[in-house]
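Visitor: I have a structure open and would like to learn how to read it. Where do we begin?

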Amino acid sequence: MSGRDKIGDDAFKPSRRTVLYLGAAAASTVVTVRPALAQTAGSVLTCEIPVPGPHAAGSYIAQDGTPVPAGTAGAVPPLARPLRGEEARILLNGSTPPGVNPGSAQAYANYIRRLQSGMSGFTCYASLQMPR
Amino acid sequence: MAAPRYVADPGDAIRLVALDGLSALYHLPSGTTHIVAPPAPEILEALQEGPADAAELLARLRERYELEERADEAIGIRLIELEQAGLVRRA
Amino acid sequence: MKAARLLVRALRDPDSVRTCDWSALLTAARAEKLLSSLAFRLEGAPVPAKVETILESARRDAAQARTQALWETEMARRATAPLGVPVILLKGAAFQAAGLDASIGRSVGDLDILVPRDAIEAVEQALIAAGWERLKDDGGYDDLYYRRWMHELPPLIHRERDRMIDVHHTILPPTARPTPDAAALIDDSVTLDNGLRLLSPPDIIVHAAAHLFADGDLAGGLRNLWDIDRLLREFAADAAFWPRLAERAEHHRLKRHVALALRLSARLYGTPIDRALAGRPRLADRLFEARLLARNGWGQERRKLLRFAFYVRSHWLRMPPLMLARHLWTKATS
Amino acid sequence: MRYKLALQIGPVAFRIGSTWRAPLDALARLYAAYPRPENDICDFTVRLEPEKPWRRWLRPSVAINGDYMLPDAAPLPLSMGLLAAEMGMNLQMALGQKRYLLLHASSAEKDGRALIMTGESGAGKSTLSALLGERGWRFMGDEFALLDLDDGRLWPFPRAVSLKNGAIKVMEKEVAADRFGPLIADTPKGDIRHMRPNDAALSGMGEAAKPALILFPRFGASEAIRPVGQAEIFMRLTQASTNYVALGQAGFDALTGLVASCPAAAIDYPDTDAAIGLVEQLWREAA
């Protein structure tokens, strides 16, 4: 806020005008408030994330998280049962929850990150993204 | 191709509340809240005079403010941000 | 009285609800997505104070939902306007944009638009460039299924606003037994001030009837039928409406569906209708009525067998038998 | 539904229906001192029913349904039926409440003015409000605070306090045994035990209070008080609200009004006694 600090000086130079930095902020100058519903909904309820969801049932999961045909090289098999919220959180933190093959953890975590609204597990994922 | 001209909604389509150095902006047509930093409110205000392309908008802002040297590059980025948020549209 | 019937009676005759099981009525209304519509119908009626606060907040909620629906429509307009192709709003978005009586308290889920078939790829590209994304996996069975057999693209969802858009090129799947004349729908459409369009009033009814009876299992049908009641009452103010409706229903080969919609709307909501067009009551009308009213005061769906029958019927209508078998097989084994 | 129960909690009335008797018996015991909704007219309906028909008998599992439902909600075993009922009520509030700006926050009242505490789950806001409620404050709620859209006052929502893990021991030392529900072990959130708020909280459940202080508590190595800028307060509260966006301009006006009129601070605390001390200190300064 260097502009602010100089307000005292400016008081003696009324002709000098306010500086407006159009490119000053590296980040965006508009942040939109999105529904935070999922956060609380998630924290008051337990939820599940199937990996993959029914839209891609039977698919393997590539390392980048996309569902691919079963047996694709480098991809990992689907999870037999849905992840619970706590397990998904562990995965997203880069660790491996019990019962999950550590070599597959990265692919599953990426799958969760790619979930979109409307897909099974999304509300659960959204609730995990929020800080706790 | 001519530079795109931008329009903003009339002033009564917006509520602005100052929060320290930033502002909370409520946009009535979309029912959406945005947290905005300078120069976003200043650009929206300058567009109240009517549609403008980037160069005209810069000229309007120069009448009121001191701008940095490379302002002409930055203004385009700011306009795209505002367009994506639905706060300005192409004329 | 059954809760669904109580709801229908309250919508039809707001004075009838002085005393009733309010919790059951409100719950059934919510489950049928009719709470806000009911709230506007009961505005000013003498109801208990607690009920009034619930209805008041439903009305506020509807106002905000309307803002969001109109905004989503506006964003689609901005994205597609440079293409210069006709974009026709369907269902809730159309009612809201035109300010029809059917829009009062009407929630709008996805945004549905109709565009000429040869413009559909361009429209999809323009929407994707403006931030919408494909929801389903590209090139998978669902994607191919939509593109080959359905009357719409796979749904797109906006990555920031999280709202869905369905882009149609006609109003029923091409495989469905009746095949409406999509070109005529577009030719007859009405242009709004902002350049977007609506179907003509008779086509709006034809579409609503087709959607209700030929394109689904009647889940949420009470709300769709309430749309039809409101639309008919508003359109019938024009004396030329009924003959034109008869003509368009015939043209699109949806006369049976329109007649059924008229009969059920009159039966449940007391809609004044053209009796000649509606035809004589049929035995099956009672099955449709029972299906529409299969909701109790706890918000649960009842009549499981009847609902299942309508579910099977919905697939039967949309697909030739062999294709239906293949579809169900793929769904079951994937 | 076979079994049913209606409850009034603050300004909100619930109707809970269940396929099984046990969850509602447990709920009725925990909420014995609560009033019944006037004329039995309820804001929200919760249904506890089998996930699949045979799940009524065979390894019974409770699906949490009602006016508003979450597609990803996991069913709970019947032994956790009380928890399912609580979650069902919370879910109706989180998804369906449109009459108030709903903040995921705990709150307590003193001298007609309200303290709001919000923070990440596990930050201790629930325990802090429960402790304040035993130490001279009126407990208003441990999960949701309701901001009036018309006049900016805060309404209580004093449902049973949901104590988790370590907090259970803390409150057992403080409160008579007859105010506790059964210990529900090994839930997806760990051990849970519900605690009925005291008489002052229940008799005051119809009284709103003007917000006077907002705190963002957090467990930390040492005590600290940090200022929070208005933009950050606003942003944090939008994220702590389930219905901010859905309320449109009414929500904007209420929340900007709250931020403008109410001092706020973030506090770090190593233990609950230190936290209570910080709260009392900041409360005196805000007065």
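**Reading rings, interfaces and backbone**

Guide: By the rule used here, there are 16 aromatic pairs over all chains. Keep in mind that this is a predicted model.

Visitor: How is a pair of aromatic rings described?

Guide: By two values: the distance of the centres and the angle of the planes. Take C:Phe235 and C:Phe241. Their centres are 5.6 Å apart, with 50° between the planes, and the pair is tilted.

Visitor: Are C:Phe235 and C:Phe241 buried or exposed?

Guide: Both C:Phe235 and C:Phe241 are buried. Now turn to chain D. D:Phe14 and D:Phe44 form a tilted pair, at 6.0 Å centre to centre and 35° between the planes.

Visitor: Which strands hold D:Phe14 and D:Phe44?

Guide: D:Phe14 is in strand β2 (residues 12-18) of chain D, and D:Phe44 is in strand β3 (residues 44-50). The two are 30 residues apart, so the pair links distant parts of the chain. Both D:Phe14 and D:Phe44 are buried. They also belong to one aromatic cluster, together with D:Tyr68, D:Phe144 and D:Phe157.

Visitor: Next, chains B and C. How many residues does each give to the contact?

Guide: Chain B gives nine residues and chain C gives eight. Between them, the two chains bury about 600 Å², with 51% of it on carbon and sulfur atoms. On chain B, β3 (22-27) and β6 (88-90) each supply at least two residues of the side that touches chain C. By class, that side of chain B has four nonpolar, four polar and one charged residues.

Visitor: How many salt bridges cross the interface of chain B and chain C?

Guide: The rule finds zero salt bridges there. It does find one residue pair in polar contact across the interface of chain B and chain C.

Visitor: Which peptide bonds are cis?

Guide: Here are two. The bond from A:Val51 to A:Pro52 is cis, with omega near -5°. A:Pro52 is in the loop between β3 (48-49) and β4 (60-61) of chain A. The bond from B:Pro38 to B:Pro39 is cis too, with omega near 10°. B:Pro39 lies in the loop between β4 (32-36) and α1 (40-46) of chain B.

Visitor: What about phi? Where does D:Asp40 lie, and what is its phi?

Guide: D:Asp40 lies in the loop between α1 (22-30) and β3 of chain D. Its phi is near 60°, a positive value in a residue other than glycine. D:Asp40 is partly exposed, because its relative accessible area is 36%.

Visitor: And D:Asp186: buried or exposed?

Guide: D:Asp186 counts as exposed because its relative accessible area is 65%, and the cut-off is over 50%. D:Asp186 is found in strand β13 (residues 180-187) of chain D. It has a positive phi of about 60°, although it is not a glycine.

Note on methods: Residues are numbered from 1 along each chain as its sequence is written. Chains are lettered from A and ligands numbered from 1 in the order in which they are written. This is a predicted model: local features need pLDDT of at least 70, side-chain atom pairs count only at pLDDT 80 or more; totals for chains, interfaces and linings use all residues. Side-chain values use heavy atoms; hydrogens and water are left out. Contact means heavy atoms within 4.5 Å. Buried area is the accessible area (1.4 Å probe) that two parts lose on being put together, summed over both. A salt bridge is a side-chain nitrogen of Lys or Arg within 4 Å of a carboxyl oxygen of Asp or Glu. A polar contact is a pair of N or O atoms within 3.5 Å; within protein, one must be able to donate a hydrogen and the other to accept it, and residues adjacent in sequence count only if both atoms are side-chain atoms. Helices (H or I, at least four residues) and strands (E, at least two) are DSSP runs, numbered from the N terminus. Ala, Val, Leu, Ile, Met, Phe, Trp, Tyr, Cys and Pro count as nonpolar, Asp, Glu, Lys and Arg as charged, and the others, Gly among them, as polar. Rings of Phe, Tyr and Trp (its six-membered ring) pair if their centres lie within 6.5 Å; planes under 30 degrees apart count as stacked, over 60 as edge-to-face and the rest as tilted. Buried means under 20% relative accessible area, exposed over 50%, partly exposed in between (1.4 Å probe, protein chains only).
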